[in-house]
Amino acid sequence: MPEHDFNKHSKAIVNTIKAPGKNWKEKLGDILIDVAIIVFGITLSLMVERWRENVHERSIEKKFLLGLRVDLQNDIQQLQSDSATYHDLYKGWHYLRNAGMHKIALNRDSAIEYENTLTNTTEFIPNNNRFEALKSSGQFNVIENDSLQNLILDLYQNRIASLKLTTSYITNFKTQQLLPFLSKNMRYNVDNTNNFQQVVEMPEMQNYLLFGGFGQEAMERYHGIIDESKKIIEMINQQYKD
């Protein structure tokens, strides 16, 4: 209700109370009418304001979810590529450890391929700016579907966080232990040959290669994020079928 209308009916109530020549029943009837008008006006104003807020919230929700869908689609491409890298790590370290333990001559192509898994590092960088912005603004509850809201929170705050812990551990292991060991023991010749076979057979290297199991753990976390991201995308598609 506009302020001037509220003041108008409030003054009418006061004037009715003070009005001479009317009995209390007549005054009460007039007062109740003005009170009813004020209550109705305030209620209507609140309803209109809530409707406007709801329209605004739905607009924010739609913009966020459709943008999030794009973010997740891009993330899935990176997740699949990263997962393949950790698959190679798991497979390669298992191959190298088995060859080293049993003194099996390394296949040249496999040796070149899997040697890279000892030194390269892969970290998932999510497109999470949109999520962080909505969360920090305190507007995350604009997402009406509780199941969808919980999935999004679980994805960014639990699954991705757990993945980053695993991949950070692998990266730190490589940079702080494995790479220094390789730098100390690898020898490269002018004819492009090296002593990789001998290094792989070293007991310390065999112990390091046991950590290839973390590649399997990383793969499982990547696949979990991919599956949950696809589920979120499907729920967004259902909500905005147009």
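This is a predicted model: local features need pLDDT of at least 70, side-chain atom pairs count only at pLDDT 80 or more; totals for chains, interfaces and linings use all residues.
Local features need pLDDT of at least 70, side-chain atom pairs count only at pLDDT 80 or more, and totals for chains, interfaces and linings use all residues. Side-chain values use heavy atoms, with hydrogens and water left out, and residues are numbered from 1 along each chain as its sequence is written.

Twelve aromatic pairs turn up in the structure; rings of Phe, Tyr and Trp (its six-membered ring) pair if their centres lie within 6.5 Å, and planes under 30 degrees apart count as stacked, over 60 as edge-to-face and the rest as tilted. One of them is the tilted pair of Y169 and F214, at 4.9 Å centre to centre with 45° between the planes. Y169 belongs to helix α5 (residues 146-185) and F214 to helix α8 (residues 213-239), so this pair ties together parts 45 residues apart in sequence. Helices here are DSSP runs (H or I, at least four residues), numbered from the N terminus. Y169 is partly exposed at 40% relative accessibility, and F214 is also partly exposed, at 27% (buried means under 20% relative accessible area, exposed over 50%, partly exposed in between; 1.4 Å probe, protein chains only).

F181 and Y208 make an edge-to-face pair, 5.4 Å centre to centre with 75° between the planes. F181 sits in helix α5 and Y208 in helix α7 (residues 203-209), so the pair links parts that are 27 residues apart in sequence. F181 is buried, with a relative accessible area of 5%, and Y208 is buried too, at 13%.

Notes
Helices (H or I, at least four residues) and strands (E, at least two) are DSSP runs, numbered from the N terminus.
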